[in-house]
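Please look at the sequence and the structure as they are shown, and I shall then go through them in order.

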Amino acid sequence: GCDQKCSFCSSQQVYKPIPVDVVVSHLRRVLDLGCDGVFFNDPNFTNPSDINSQGSFGRVVELNKRLVEEEINQSLPYGIQTKATLVNPALLDVMYKGGLRYVCFALENVDQASLKNLRKGVTPERVKNAIGWCKERGIDTGLYVMFGTNSDEQRDLDIVEKTLDYVEELQPGWLSISVLAHYPMKDRVTGQPLHQDLDYSEQRYS
């Protein structure tokens with residue numbers, strides 16, 4: 001699940017993090033299978049208010065402490081996706097010791113109106129800061145960007161161009177591009193149904 005409020009995401013489940021002991025046991029199994037890296041596909045990986053935490057970032061700090069104590073960090077580097085507002089330099093230091101070597105942040109685009117409509121709760125400037133913090137620590141970076149966020153085609157093309165210019169400035173190691181797609185879902189703030197009568201033959205929603 002996920003407890004972020006992005007308006008486009010179809011994830012409807014309440015966020016319930018897996019206990020640290022279970023994660024560590026899974027990682028041992030991953031090592032036994034001969035894997036030499038792992039990616040946590042969890043947008044809440046660095047959630048500072050996660051369940052069972054002992055203070056801010058408690059769960060992720062505890063997990064990385066265990067990875068160091070049990071020397072998993074020496075054999076299994078890991079990557080994560082997260083939000084730029086959910087990291088800081090001190091936390092990145094802790095995770096680097098635990099084996100963090102790659103972070104992918106969601107930039108989406110640089111248009112403030114689009115970001116507000118998407119309820120991202122993040123700014124391009126904050127993403128830039130987070131990318132810089134990672135590079136200072138030798139952590140590889142990636143960005144998620146999203147096109148199709150404005151219904152006016154020319155306006156959307158302008159947003160795309162400005163976004164790619166900004167990506168070029170940030171110089172991430174990887175770039176993942178998606179196109180906004182709507183799905184039948186509930187509004188994650190109001191609980192009201194959304195997109196119940198979509199025409200999936202229209203290109204915008206394909």
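**Pocket, fold and selected residues**

I begin with the largest pocket. Strand 2 (78-82), strand 3 (100-108), strand 4 (140-147) and strand 5 (174-179) each contribute at least two residues to its lining. Please bear in mind that this is a predicted model.

Which of these strands gives the largest share of that lining? Strand 5 does, with four residues. Altogether, 25 residues line the largest pocket, and those that lie nearest its centre are Phe8, Cys9, Glu108, Lys120 and Met146. The volume of this pocket is about 600 Å³. Sorted by class, its lining consists of 14 nonpolar, eight polar and three charged residues.

Let me now turn to the chain as a whole. The chain contains six helices and seven strands. Followed along the sequence, these elements give the pattern α-β-α-β-α-β-α-α-β-α-β-β-β. The radius of gyration is 18 Å, close to the 17 Å that the globule rule gives for 206 residues, so the chain is as compact as a globular protein of that length. The C-alpha trace spans about 55 × 35 × 35 Å along its principal axes.

What percentage of the 206 residues is buried? Buried residues account for 43% of them. The accessible surface of the chain is about 11200 Å², and carbon and sulfur atoms hold 50% of that surface. As for contacts between residues at least 6 apart in sequence, 69% join residues at least 24 apart.

In general terms, rolling a probe the size of a water molecule over the atoms shows where empty space is left. How many cavities of 30 Å³ or more does a search of the whole structure find? The search finds one. The largest cavity holds about 30 Å³ of space. Its lining is made up of Leu27, Val38, Phe40, Leu67, Ile72, Asn73, Leu76, Tyr78 and Gly98. By class, seven of these residues are nonpolar and two are polar, with no charged residues.

Is Leu170 buried or exposed? Its relative accessibility is 5%, under the 20% cut-off, and Leu170 therefore counts as buried. Leaving aside residues up to four places away in sequence, Leu170 touches Val127, Lys128, Ile131, Lys135 and Leu143. Pro43 lies 127 residues from Leu170 along the chain, and the C-alpha atoms of the two are separated by 21 Å.

The loop between helix 6 and strand 5 holds Gln171 and also Gly173. Phi of Gln171 is near 55°, a positive value in a residue other than glycine. Gly173 has a relative accessible area of 55%, over the 50% cut-off, and is therefore exposed. Gly173 and Gly142 are 31 residues apart along the chain, and 5.6 Å separates their C-alpha atoms.

With a relative accessible area of 29%, Arg119 is partly exposed.

Terms used. Residues are numbered from 1 along each chain as its sequence is written. This is a predicted model: local features need pLDDT of at least 70, side-chain atom pairs count only at pLDDT 80 or more; totals for chains, interfaces and linings use all residues. Side-chain values use heavy atoms; hydrogens and water are left out. On a 1 Å grid over the protein atoms alone, a cavity is a set of points where a 1.4 Å probe fits but cannot get out, and a pocket is an open set with protein on both sides within 12 Å along at least five of seven lines; lining residues have an atom within 4 Å of a point. Grid points are joined across faces, edges and corners, and a volume is the space filled by probe spheres set on the points. Ala, Val, Leu, Ile, Met, Phe, Trp, Tyr, Cys and Pro count as nonpolar, Asp, Glu, Lys and Arg as charged, and the others, Gly among them, as polar. The radius of gyration is taken over C-alpha atoms; the globule rule is 2.2 Å times the number of residues to the power 0.38. Buried means under 20% relative accessible area, exposed over 50%, partly exposed in between (1.4 Å probe, protein chains only). Contact means heavy atoms within 4.5 Å. Accessible areas come from the Shrake-Rupley method with a 1.4 Å probe; for residues, only the protein chains shown count as cover.
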